[in-house]
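Please look through the sequence and the model first, and then read the notes by topic.

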Amino acid sequence: MTNSRGFTVIIHPLVIFNISDHFIRVKAQIGHSQLVIGALFGTQDGIRTIELLTSFELLYTITEDKYEVDMALYKSKEEQFKQVFSGLDFLGWYSSGESTEKNDSSTNGANCRLHYLL
């Protein structure tokens with residue numbers, strides 16, 4: 001998908017499947033929809049092309065109305081992930097929901113810290 005500014009974002013089917021599976025599995029386990037969060041991995045060619053190739057789930061807790069990502073679990077998964085997908089980089093995160101929530105900015109902050117800690 002290319003927008004009017006010349007950016008191209010390619011989302012592979014595995015990413016869509018992983019996010020859908022994550023959301024549906026959590027909903028089936030608890031009986032209702034709940035926020036799910038995950039990490040997106042892929043490649044970036046300069047500043048104009050991003051290719052999202054795969055993803056994995058992130059666990060979180062809510063403290064003082066902020067989402068806190070389980071960093072120990074993330075680091076463990078990321079290490080395992082890099083053994084298989086050494087050429088892929090953390091490019092962002094996903095979350096479920098119909099609209100932007102007030103806590104999304106804290107989630108974005110937590111995931112930005114993930115990126116800069118790597």
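A residue is called buried if its relative accessible area is under 20%, exposed if over 50%, and partly exposed in between, with a 1.4 Å probe and only protein chains considered. The model is predicted, so local features need pLDDT of at least 70 and side-chain atom pairs count only at pLDDT 80 or more, while totals for chains, interfaces and linings use all residues. Residues are numbered from 1 along each chain as its sequence is written, and side-chain values use heavy atoms, with hydrogens and water left out.

**Overall make-up**

- The protein has three helices and six strands, where helices (H or I, at least four residues) and strands (E, at least two) are DSSP runs numbered from the N terminus.
- Read from the N terminus, the elements follow the order β-α-β-β-β-β-α-β-α.
- Of the 118 residues of the protein, 30% count as buried.

**The sheet and its helices**

- Four strands make up an open sheet of mixed pairing, in the order β1-β3-β2-β6; two strands pair if DSSP finds at least two bridges between them.
- Because β1 (8-11) and β6 (89-95) stand at the edges with a single partner strand each, one side of each is left without a neighbour in the sheet.
- From one strand to the next, the twist averages 35 degrees, with angles running from 0 to 180 degrees between N-to-C directions of axes, which are lines fitted to C-alpha atoms, for helices over the stretch in contact.
- Strand β2 (residues 37-45) runs antiparallel to β3 and is joined to β3 by nine bridges, and Thr-43 has Glu-51 in β3 as its bridge partner.
- Helix α1 (residues 13-30) packs on the sheet, where it touches β1, β2, β3 and β6, and its direction makes about 25 degrees with that of β3; contact means heavy atoms within 4.5 Å.
- Helix α2 lies across β2, β3 and β6 and runs at about 125 degrees to β3.

- Thr-54 belongs to strand β3 (residues 49-58) and is buried, with a relative accessible area of 5%.
- Leaving aside residues up to four places away in sequence, Thr-54 touches several residues, including Leu-14, Phe-41, Phe-81 and Leu-88.
- Lys-77 sits in helix α2 (residues 71-84) and is partly exposed, with a relative accessible area of 26%.
- Lys-77 and Phe-56 are 21 residues apart in sequence, and their C-alpha atoms are 8.3 Å apart in space.
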